[in-house]
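Here is a quick tour for anyone meeting this structure for the first time.

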Amino acid sequence: MDMERRALDEYLPGLADRLAGFELTELETDGNPGIEAFRACGGAKLVVPERFGGSGASIVDAARVLRELAALAPSTAVAAMMHQFSVTTLVAAVEQDPQEFAAFPDLLAAISGKRMLLASGFAEGMRGQNILEPTLRAERTDGGYLLNGVKKPCSLSGSMDLLTASVAVPGPDGTPALGIALIPADAEGLTVAPFWSSFALAGAESNEVRLDDVLLAPEQLVNPPLEKALPLQMLGLVHFQLSVCAVYTGVVSALVRRVLAQSRGSVTDRADLIVEIESAALTAEAVARRVLADEPVDRALAAVQVARFATQESLGRVVNRAVELLGGMAYVSSSDVGYLAAAAHGIAFHPPSRTSAAGAIVESFPA
């Protein structure tokens, strides 16, 4: 992972050293220092284009940063992944139609300059829920919109400056249209309640965010036509799936590193782990490069879903073998091995589910 470490040091200088000062158990608890370290070292602006004051990391470099970050602090990487999901969606919107999304350039500049962290209300957490159909609802009212609904789990719920979310906005005929809401974390009617009860990835601040009659000004909710909103959501999902692959490959890489550092098993055993984990990383990177080459968004989405589920299968095998090679004493003498193994299973719970993605994958690869 030399390239990944170089990418982390280049884009987020000093972060690896900061994280090295803490035990894994310290970084993976609620209220841990990882997220603020990510913010302090420039994490908020990682994928913001340079013209808006950002670091301008490509989709490939951003994935490398996330993989190395996840190997050091899994919860921080999950939180960073959700921030990047929101930011890349805003960037894609500006590139698609600067006039339609005229408010976004100033927001991107503020993210860079003020180190703002964005929570994401785009992906839905319910298994089988269509993540392109928002559960948050907006009603037109005097002075703007009233928002109601619940997002859970919502990472960065404790550190966010802004919640970006897809919302359903009733059209003139009552049919809901897709809108993008920009909701300040201190907005009246926005509350955060405990939700995440698992010890795994508890440091990502994934709790319940509730909106009860949150009033937004007209400029805080963009309501683009469907022909613009849907490709934007799909492109955001492409970036999200690649980030999911990078983060969980990084988590499992932390286990593989321990096997290699301790020379566990035979040379062949260790080589097999390297082949499988690096194959997973290279598969996702190949799809990322297709996105950079302007692959049509529908084909890119099909490809990235293939990569995501292939990665999921590979990582499961690597986790089982790495834990076995590390041995029982490593498992019982420290919580790190068991923790990383548990955190690695989180890849299976990010949308879309295998069931909801199956139809689109089959349609994209006809006989």
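## Strands and helices up close

In strand E4, Arg 137 has Ala 168 as its bridge partner. Keep in mind that this is a predicted model.

Strand E1 (residues 118-121) runs parallel to E4 and is joined to it by four bridges, with Gly 121 standing opposite Ala 165. Strand E5 (residues 176-184) pairs with E4 as well, in the antiparallel sense and over nine bridges. One of the pairs there is Leu 162 with Pro 184 in E5.

| Strand paired with E4 | Sense | Bridges |
|---|---|---|
| E1 (residues 118-121) | parallel | four bridges |
| E5 (residues 176-184) | antiparallel | nine bridges |

What do E4 and E5 form together? They make a hairpin, with five residues between the two strands. In that turn, Gly 174 has a positive phi of about 90°.

So is E4 (residues 162-170) largely enclosed or largely open? Eight of its nine residues are buried, so the rest of the structure largely encloses E4.

Now for the helices. Two packed helices are described by the angle and the distance between their axes. For helix H1 (residues 2-11) and helix H5 (residues 59-72), the axes come within 8 Å and cross at roughly 100°. That makes H1 roughly perpendicular to H5. On the H1 side, the contact is made by Met 3, Glu 4, Arg 5, Ala 7, Leu 8 and Tyr 11. H5 brings Asp 61, Arg 64, Val 65, Arg 67, Glu 68 and Leu 72. Sorted by class, this contact of H1 with H5 has six nonpolar and six charged residues, and no polar ones.

H5 turns up again with helix H9, whose buried residues pack against H5, helix H8 (226-261) and helix H10 (297-333). Among the buried residues of H9 are Leu 273, Ile 277, Ala 280, Ala 281, Ala 284 and Ala 288.

Methods
Residues numbered from 1 in each chain as written. Predicted model: local features only at pLDDT ≥ 70, side-chain atom pairs only at ≥ 80, totals over all residues. Heavy atoms only, no water. Buried < 20%, exposed > 50% of the residue type's maximum accessible area, 1.4 Å probe, protein only. Pairing = 2+ DSSP bridges. Axes fitted to C-alpha atoms, helices over the stretch in contact; angles between N-to-C directions. Parallel < 35°, antiparallel > 145°, perpendicular 65-115°, else oblique. Contact = heavy atoms within 4.5 Å. Nonpolar A, V, L, I, M, F, W, Y, C, P; charged D, E, K, R; others polar.
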